[in-house]
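Thanks for asking me to look this one over.

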Amino acid sequence: MTFVAKPKLHHPTLPQNALCYTRRDYEGKISTLCAGCGHDSISAAIIQACWELSLEPHRLAKLSGIGCSSKTPDYFLGQSHGFNTVHGRMPSVLTGANLANRELIYLGVSGDGDSASIGIGQFVHAIRRGVNMTYIVENNGVYGLTKGQFSATADQGSTSKRGVVNADSPIDLIGLALQLGATYVGRSFSGDKAQLVPLIKGALAHGGAAFLDVISPCVAFNNHAGSTKSYEYVRAHNDAVNRLDVIPQREEIAVDYAAGETIDVEQHDGSRLRLHKLDADYDPRDRIAAMNYIQQHQARGEVVTGLLYVDAGAEDLHTHLNTVATPFNRLEAADLSPGAAVLAKINAGLR
């Protein structure tokens, strides 16, 4: 399939967004993943989210590591910036790029092996530092490229395609992200486009560290009866805590936040995130309550999905470090070397 090129001709009746772009303008190359792979559904959701937000493709930078999931950026946003790092090192490269140019929108795509195993240290520090990014883990619980061994997110007691039982405790990336201070945390399922697209839109509009754990069944090695990451298991055990939508900036809408009703949460950049509360006892603005809720339902074998936590007043790494707003590649020599008088003033302030 790698030699097959997508036709560049667009039908004149295709719907356009505010930039007069069609959805096709946000696509990439033809996928080489297995037919039915959940990762392709996530790529389609990213394409839909960026098109609906009317984002200019050249304003996005997509970064990935190694694995089936890390191949997917080639299949969406073909006109954006892109960088494929070594295994598990995507978060540090994304952090460096973000510090060098804060004007881009950063999208990190990783897998459960890339982020929960070899790259877990990188994941931890990118989240705790509050890097302004959307970090998506395409989570299938196996190493698909090396023929289906358990990954660090595979649930204890789940079985492999060959019938081997996993005896190790799993790493819960959602719980870890909440503990580390992520300010936008959600979980979804690759087969639930209605939930996933708004979650991605909200993450892209968020002004801080946004993390999404997306369960994405591996059709080749982990979509059988003994897997807790299969299509059937997630559909049967899904507990969606809210119904989501993202709307552009308009007049403020004031609503009561009760079970069965809707609330609009203002983001740091002024955009609105609309929540419809399904669980009467769930509040996505309470970090501790979110951690407890997830643990309680996990003990029942339920997969909690939706927007699990959001901090509308989030700050990012640039705010913490008080960095310059101008991208490094636009700084002049006078900005980088302001002279002896400025240096003397700095030294005086350190005495």
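1. Let me begin with a pairing of strands. Strand β1 (residues 60-64) runs parallel to β3, and five bridges join the two. Within that pairing, L63 has G108 of β3 as its bridge partner. Strands here are DSSP runs of E with at least two residues, helices are runs of H or I with at least four residues, and both are numbered from the N terminus. Two strands count as paired if DSSP finds at least two bridges between them.

2. A word on the ground rules. This is a predicted model, in which local features need pLDDT of at least 70 and side-chain atom pairs count only at pLDDT 80 or more, while totals for chains, interfaces and linings use all residues. Residues are numbered from 1 along each chain as its sequence is written, and side-chain values use heavy atoms, with hydrogens and water left out.

3. Is β3 buried or exposed? Seven of the seven residues of this strand (residues 105-111) are buried, so β3 is largely enclosed by the rest of the structure. Buried means under 20% relative accessible area, exposed means over 50%, and partly exposed lies in between (1.4 Å probe, protein chains only). One face of β3 carries I105, L107, V109 and G111, the other Y106, G108 and S110, and all of these are buried.

4. Moving on from β3, we reach β4. These two strands pair in the parallel sense over five bridges, and G111 has E138 of β4 as its bridge partner. Strand β4 (residues 133-139) also runs parallel to β8, with seven bridges joining them. There, Y135 is partnered by F211 of β8. Ring pairs also link Y135 and F211, together with F123, into a cluster.

5. Strand β8 (residues 209-215) is worth a look too. Seven of its seven residues are buried, so β8 is largely enclosed by the rest of the structure. A209, F211, D213 and I215 lie on one side, with A210, L212 and V214 on the other. Strand β7 (residues 184-189) runs parallel to β8 through six bridges, and R187 has D213 as its bridge partner in β8. Together, β7, helix α7 (residues 193-205) and β8 make a right-handed β-α-β unit. Right-handed here means that, with the strands pointing away from the viewer, the path from the first strand over the helix to the second runs clockwise.

6. How many aromatic pairs does the structure hold? There are six. The rings of Y21 and Y26 have centres 6.0 Å apart and planes at 70 degrees, so this pair is edge-to-face. Rings of Phe, Tyr and Trp (its six-membered ring) pair if their centres lie within 6.5 Å; planes under 30 degrees apart count as stacked, over 60 as edge-to-face and the rest as tilted. Y21 is partly exposed at 30% relative accessible area, whereas Y26 is buried at 0%.

7. Finally, please check N140, in the loop between β4 and β5 (142-143). N140 has 6% relative accessibility and so counts as buried. Leaving aside residues up to four places away in sequence, N140 touches H39, D112, S216, P217, C218, N222 and K229, where contact means heavy atoms within 4.5 Å.
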